[in-house]
Amino acid sequence: MPILDRFDLSGRTAIVTGAGSNLGREMALALAEAGADIVGVGRRPEPLEETGALVRERGRRFLARPTDVTDSAEVNAMVAAAIAEFGTIEILVNNAGGGAAGRGKTLPELTDEDWHLGIDTNLTSAFFCSRAIIEHFVEHEHGRIINVTSGWGFRGARDRYMYPISKAGVISLTKALAMSYARANVRSSCIAPGAFPHELTPEVENRAGLQPAGRFGRMNEIGPLAVFLASDAAEYLSGETVLIDGGAIAAGVTPAGIAPVVPGGAA
Amino acid sequence: MTFFSLAGKHALVTGAVGPFQRALAVALAEAGADVSLTTASAQLDEEVQANSIFNECWSIGRRGEAITLALTDEVAVEAAVAGLEERIAPIDILVNAPHGAVIKPFLEMTAEEVGATFNTNLAGVMVTTRVVGRRMVERGHGRVVNLVSILHDRGVPNTAVYAATQGALLGLTKSLGIEWIRSGVTVNALGFGFTEELAGPQQDPELRAALERYIPLQRLERGEDLQGALVYLASDEAGFVTSELLVVDGAISLHG
C-alpha cells in the first residue's frame with residue numbers, strides 16, 4: 001500500500017482525553033482530518049462540544065463524554081459508552097493532565113494531597129484509561145495507545161516534583177504496555193511536547209528567544225505526530241517516546257538565554 | 001491524506017546500496033518527492049540495484065538520478081550535488097543511509113577495516129551533510145535524516161567499531177539539529193533494530209528464531225517498517241522535531 005495511504009485512519013475511532021482544549025483538541029482534530037471518528041473526553045461538557053463541532057465540520061462522528069479520568073468507575077463507564085456508540089475503538093490518546101499540583105513548593109511543604117493530585121492527574125488517568133480499554137484491544141487484535149508526556153518527563157528542576165515524576169511515569173507506562181501487549185497487535189507510544197504555550201501573551205512571546213528553535217511549538221504541529229503514531233505506518237514502532245520540542249532537551253545543557261550561534265547571523 | 005505530502009520536494013538518499021535503501025527511496029517517491037540515489041562504488045551489482053530502485057521511483061512518476069559517488073571526497077560530492085540540483089531541483093531532504101558494518105572481534109580488526117568502517121558510516125555522512133546542509137541553511141529549509149542502528153548505545157559483541165560510528169552519528173545529529181534549527185533545517189536520527197538482511201540470522205535459522213522470539217513484535221525489521229517514520233521526519237509537519245532519535249525497532253530496545 002502506498003505510504004500516504006498507510007497514514008489513513010478512515011473507519012477507526014479514537015478516544016482522546018483532555019479533548020476540550022489545547023493539544024488534546026489539536027490531536028482530536030488531526031485524527032479526524034486523517035479519517036477517524038472521535039470520542040472526546042474531558043471534565044467540562046462545553047469545551048468538548050466546541051471540539052465536537054470542529055470534528056463534525058471535518059465530516060466525522062463525535063461523541064462528547066464528560067468524565068473525570070482520575071475516577072476509575074467514570075473511566076470504565078466512558079469506555080463502555082464509547083464501545084456501545086462506535087462498536088470498536090482502535091486508538092486511545094491519554095492526553096489529560098496538568099502541572100498545577102504542588103508547583104513551586106519545597107519537599108517539606110508538599111502535602112499528601114498535592115502528591116496524589118499530581119500523580120492522579122497525569123499518570124493514574126492514563127493507567128485507568130489504558131486498563132479500561134485493553135481487553136477490547138486484545139479481543140480485536142488491534143489497538144494504538146498514545147500517551148502524552150512532556151519534556152519534564154526527562155528533566156529535573158528545583159522544587160518540581162509531581163509533574164516531572166508523573167510524566168516520567170507515563171514514559172514507563174508506555175514501555176510496560178508495549179511489552180505486555182505486543183503479541184496482541186497493540187502498540188503503545190508516547191509524545192513528549194516541548195513548550196507549546198496555551199496563550200501567546202506578549203510576555204510569553206518575549207521568551208520565545210530562549211527556546212533553541214527561537215520559537216515555541218505551534219498548536220498545529222502536534223496533531224500530525226499523533227496521526228503518524230496512530231496509523232499503520234507506525235506498525236513496527238512501540239514503546240517509543242518521541243520528543244517534539246524544537247531540540248529543547250537535546251540543547252538542555254546550554255544555559256537558558258544563551259541563543260545558539262546561527263550561521264550567517266540569521267535569527 | 002491531508003498530511004505528510006512531499007510533493008515538489010527533491011530527496012537525496014545516500015550511501016551504499018543497503019538493506020533499507022529501496023524502501024526509503026520508494027516511500028519518499030510515493031509521498032511525492034523526486035528521489036536521487038548514490039551508490040558507493042560502480043560495481044555492477046550495486047549499479048544494477050541502484051538503477052532498479054531508481055526505475056521504481058521513476059515508474060511512480062518521479063524524477064531523479066542514480067549516481068556513483070565516493071562520499072568521503074568533498075570536492076566530488078560538491079560537484080555531484082551541484083549537478084543534481086541544477087538538473088533536478090534543490091535538495092530538500094537528505095537521507096544518510098550508509099551500510100558498512102564489519103562484524104568481527106575488535107582485536108582482529110585491521111587498521112584498514114577500522115578506517116573503512118569510519119569512512120563509510122561516519123566520514124561520508126559528515127561530508128554529504130556539510131555539502132547539502134550548507135545549501136539547505138542558505139535556503140532556510142531542509143530535512144536531514146540519519147539512519148542510526150540501536151547499537152549506538154547497546155553492547156553487542158564484534159560490533160565495537162561500527163557501534164562507535166553509530167554513537168558518533170547520534171552526537172552529530174543532536175548537535176547539528178540545534179545548530180541549524182533557526183535556519184529551518186531539522187536534523188534527526190531514525191533508529192533501526194535487527195533487520196531481515198543481517199548475515200547472522202540469514203545464515204543461522206536458530207539465531208533467527210531466537211531473535212524473533214526476543215523481539216517483542218515477533219519478527220525482524222523490514223525496510224517498509226521505516227517508511228512511515230522517514231516520511232514523517234521528512235515532512236513539513238515535523239518542523240518542530242529536531243535533534244531527536246526516533247526509534248523503530250519492534251520494541252527490542254525496551255529489553256534493556
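Me: Where does B:Ala251 sit in chain B?
Reply: This is a predicted model. B:Ala251 lies in the segment after strand E7 (245-248) of chain B.

Me: What about phi of B:Ala251?
Reply: Near 75 degrees, a positive value in a residue other than glycine.

Me: Buried or exposed?
Reply: B:Ala251 is buried, because 25 C-beta neighbours fall inside 10 Å and the cut-off for buried is 20 or more.

Me: And B:Asn158, what's its phi?
Reply: Near 70 degrees, again positive and in a residue other than glycine. B:Asn158 is in the loop between strand E5 (142-149) and H5 of chain B. B:Asn158 is partly exposed, with 16 other C-beta atoms within 10 Å.

Me: On to helices. At what angle do H4 and H5 of chain B pack?
Reply: About 15 degrees, with the axes 9 Å apart. H4(B) and H5(B) are therefore roughly parallel. Their crossing is right-handed.

Me: Which residues make the contact?
Reply: H4(B) contributes B:Phe118, B:Leu122 and B:Met126, among others. From H5(B), they include B:Tyr162, B:Leu169 and B:Trp180. The contact has twelve nonpolar residues, four polar and no charged.

Me: New topic. How many residues are in the largest nonpolar core?
Reply: It has 166. A:Leu31, A:Ala226, B:Leu28, B:Leu190 and B:Leu230 touch the most other members. Helix H5 (residues 112-140) of chain A gives the largest share, nine residues.

Me: What does A:Ala226 touch?
Reply: A:Met27, A:Ala30, A:Leu31, A:Val93, A:Ile146 and A:Ile191, leaving out residues up to four places away in sequence.

Conventions: Residues numbered from 1 in each chain as written. Chains lettered and ligands numbered in written order. Predicted model: local features only at pLDDT ≥ 70, side-chain atom pairs only at ≥ 80, totals over all residues. Axes fitted to C-alpha atoms, helices over the stretch in contact; angles between N-to-C directions. Helix = DSSP H or I, 4+ residues; strand = E, 2+ residues; numbered from the N terminus. Parallel < 35°, antiparallel > 145°, perpendicular 65-115°, else oblique. Left-handed = near helix turned anticlockwise from the far one by under 90°. Contact = placed C-beta atoms within 7 Å. Nonpolar A, V, L, I, M, F, W, Y, C, P; charged D, E, K, R; others polar. Core = buried A, V, L, I, M, F, W, Y, C linked by C-beta atoms within 7 Å. Buried ≥ 20, exposed ≤ 12 C-beta atoms within 10 Å, placed from the backbone.
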